[in-house]
Amino acid sequence: TKNENPLGIISFLKPDNSSDEVPIRGRATPRQNRRMDMSEDPTSATRDGERRQLGELGSDEQRLRKEKETQYIKMARGRSITSSGIWRYLNPAYYLRRPKRLALLFFVFVSVSMVVWDRMNLAREHEVEVYKLNEEVLRLEQMLEELKGVGNGKTLMTQKDVPQNPVDIERRQKVKEAMLHAWSSYEKYAWGKDELQPRTKDGTDSFGGLGATMIDSLDTLYIMGLHEQFQKAREWVATSLDFDKDYDASMFETTIRVVGGLLSTYDLSGDKLFLDKAKDIADRLLPAWNTPTGIPYNIINLRSGNAHNPSWAAGGASILADSGTEQLEFIALSQRTGDPKYQQKVEKVITELNKNFPADGLLPIYINPDNGNPSYSTTTFGAMGDSFYEYLLKVWVQGNKTSEVKLYREMWEKSMKGLLSLINKSTPSSFTYIREKNGNNFVDKMDELACFAPGMLALGASGYGPDEEKKFLTLAEELAWTCYNFYQSTPTKLAGENYFFNAGQDMSVGTSWNILRPETVESLFYLWRLTGNKTYQEWGWNIFQAFEKNSRIESGYVNTGAKDNKMQSFFLAETLKYLYLLFSPPSVISLDEWVFNTEAHPLKIVARNEQRKPTITLRQRRFGGIIKG
């Protein structure tokens with residue numbers, strides 16, 4: 001039906017699904033044209049109506065299907081979001097498509113890392129401060145006990161339960177196990193003998209039957225907390241050690257090993273037995289100083305007291321190191337006993353040598369005991385010269401660096417000027433080494449024995465002003481690097497006895513075997529204690545591992561020489577002790593309170609006007625068997 005509206009616009013009645021097309025005045029729309037065509041063909045209109053009805057039914061089914069699909073998709077997405085919403089943030093691809101979020105994540109990561117790093121640094125600094133405070137508390141407690149008279153100078157403090165590096169603890173235990181292996185082998189095969197012969201599983205009296213390994217090991221056993229082994233050794237000293245022997249003893253070796261070992265054990269334990277034994281053997285050595293100058297003969301019969309010099313020494317001369325390396329022990333003995341005769345004997349030697357002491361402080365290895373004049377011979381910091389220079393410094397330390405021992409420091413500083421004249425560098429690697437000298441001629445050779453010098457220089461550097469201190473400490477570090485390379489340059493990683501330096505060839509080993517010497521680890525110990533540089537601990541550990549790999553056998557430790565059959569007593573007295581202390585806290589045998597003799601026996605530092613008399617310890621504290629000095 002068509003109606004005319006007042007405005008003259010044609011409109012049709014439309015079904016619900018019709019379009020809202022607006023006709024243009026005077027023109028029919030396409031839909032109107034179609035409808036007009038359908039009105040002209042009734043049959044076509046009927047078919048179209050049927051199709052529309054079917055289409056509407058299909059559309060309803062499609063809508064229902066689409067609604068179900070939409071509902072399913074929403075449910076699936078919901079499950080996906082619930083199960084993987086967190087994990088997608090861990091997928092790198094998520095951030096690669098979102099650079100802003102990637103930048104935010106990077107910023108958060110850096111910020112958190114900096115906070116964690118800062119906290120860790122603060123924690124480490126806190127641990128260091130706590131450790132230092134604990135050390136200071138221990139030191140003050142010891143001072144308080146000494147002021148109260150507790151132990152009367154013999155008090156031994158032990159470290160408290162302070163934080164320690166687990167690696168150091170493990171390594172220290174490994175060294176302790178090595179000591180137990182060496183000691184148990186000696187105990188099983190050579191008990192009471194001077195030294196163990198591991199290959200033949202027996203002992204030898206290379207020092208006249210003085211129990212050299214026994215005495216040399218006493219303080220090591222005590223420091224390591226091996227109390228059962230120590231008590232058994234003490235029992236042997238009490239019942240079997242006898243110095244009344246018709247034996248020509250080396251005055252030097254007997255002093256540093258036996259007198260030094262007994263005095264050290266007395267200082268550590270307070271047991272008067274050891275002081276009495278030290279006095280007994282020292283009294284038997286005293287006639288050696290009965291010369292026109294007081295410079296001692298180097299060999300003495302322990303029973304008769306007859307003294308002489310070695311037949312092979314030039315012109316019957318005394319050896320520099322053998323004559324100038326008794327001061328620490330005999331001064332300590334006078335302080336402990338109150339008898340000045342021991343100190344007087346050894347200090348007269350220094351007074352005599354100082355009369356003609358050269359400007360460079362370097363003496364040749366042979367000295368005439370009748371007139372005190374040096375003989376024309378080698379000048380060296382190696383064999384037969386070494387420990388003379390060491391003791392000039394250490395007597396100054398032993399005397400608490402007071403004016404009464406100033407002469408020793410002055411003589412040592414002169415000798416260090418002379419040492420600088422012996423310093424040279426190899427090519428092409430610039431290893432610093434100490435030459436020897438014959439007259440005016442230099443010899444490019446350095447003994448492993450001279451590797452004590454880095455430790456000596458480090459110990460003495462603090463007595464200089466800032467510039468000189470830095471110079472000598474740097475020299476000590478350079479020499480220690482050379483000595484460490486004595487070890488690293490061999491197939492076994494164990495040093496030979498001496499090395500030669502040739503232009504363009506750096507170092508070459510002379511005498512190649514290793515006899516378990518301690519000098520290099522001694523210097524590493526001093527440098528670690530005085531600088532805190534853990535590199536020296538790592539070098540020491542490498543050397544220890546080389547000993548374990550190449551020198552350890554079922555029945556002890558042996559030298560690397562093909563025909564060797566000896567476990568040197570100084571391996572237990574020095575090498576293992578210094579390695580043990582290298583991985584112990586600095587409070588264990590503190591360098592502020594103890595001075596080591598040249599056989600690594602620690603003696604308590606006592607000022608010259610003080611004496612240490614035998615007393616009973618009123619209190620001792622122990623932690624893990626480690627003694628704090």
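Strands here are DSSP runs of E with at least two residues, and helices are DSSP runs of H or I with at least four residues, both numbered from the N terminus. This is a predicted model, in which local features need pLDDT of at least 70 and side-chain atom pairs count only at pLDDT 80 or more, while totals for chains, interfaces and linings use all residues. Residues are numbered from 1 along each chain as its sequence is written, and side-chain values use heavy atoms, with hydrogens and water left out.

Strand β17 covers residues 498–502 and pairs with β18 in the antiparallel sense over 4 bridges. Two strands count as paired if DSSP finds at least two bridges between them. The hairpin of β17 and β18 has 3 residues between the strands, and G504 in this hairpin takes a positive phi near 80 degrees.

Both strands belong to an open sheet of 3 strands in the order β16-β17-β18, with antiparallel pairing. The edges are β16 (445–447) and β18 (506–509); each has a single partner strand, so one side of each is left without a neighbour in the sheet. On average, neighbouring strands of this sheet are turned by 30 degrees against each other, direction ignored.

The next feature is a covalent link. The whole structure contains 1 disulfide, a term for a pair of cysteine sulfur atoms within 2.5 Å. It joins C451 to C483, with an S to S distance of 2.1 Å. C451 lies in the loop between β16 and α15 (453–461), and C483 lies in helix α16 (residues 466–488), so the pair ties together parts that are 32 residues apart in sequence. The torsion about the S-S bond of C451 and C483 is about -95 degrees, so this disulfide is left-handed. Both C451 and C483 are buried; buried means under 20% relative accessible area, exposed over 50%, and partly exposed in between (1.4 Å probe, protein chains only).

Elsewhere, the surface carries a nonpolar patch formed by L104, F107, V108, V112, V116 and M120, with about 560 Å² of accessible area together. For such a patch, residues need over 30% relative accessible area and no salt bridge, and nonpolar side chains (Val, Leu, Ile, Met, Phe, Trp, Tyr) are joined within 5 Å. A salt bridge is a side-chain nitrogen of Lys or Arg within 4 Å of a carboxyl oxygen of Asp or Glu. M120 is found in helix α4 (residues 99–148), and at 44% relative accessibility M120 counts as partly exposed.

Key: Patches are made of residues with over 30% relative accessible area and no salt bridge: like charges are joined within 9 Å, nonpolar side chains (Val, Leu, Ile, Met, Phe, Trp, Tyr) within 5 Å. Accessible areas come from the Shrake-Rupley method with a 1.4 Å probe; for residues, only the protein chains shown count as cover. Axes are lines fitted to C-alpha atoms, for helices over the stretch in contact, and angles run from 0 to 180 degrees between N-to-C directions.
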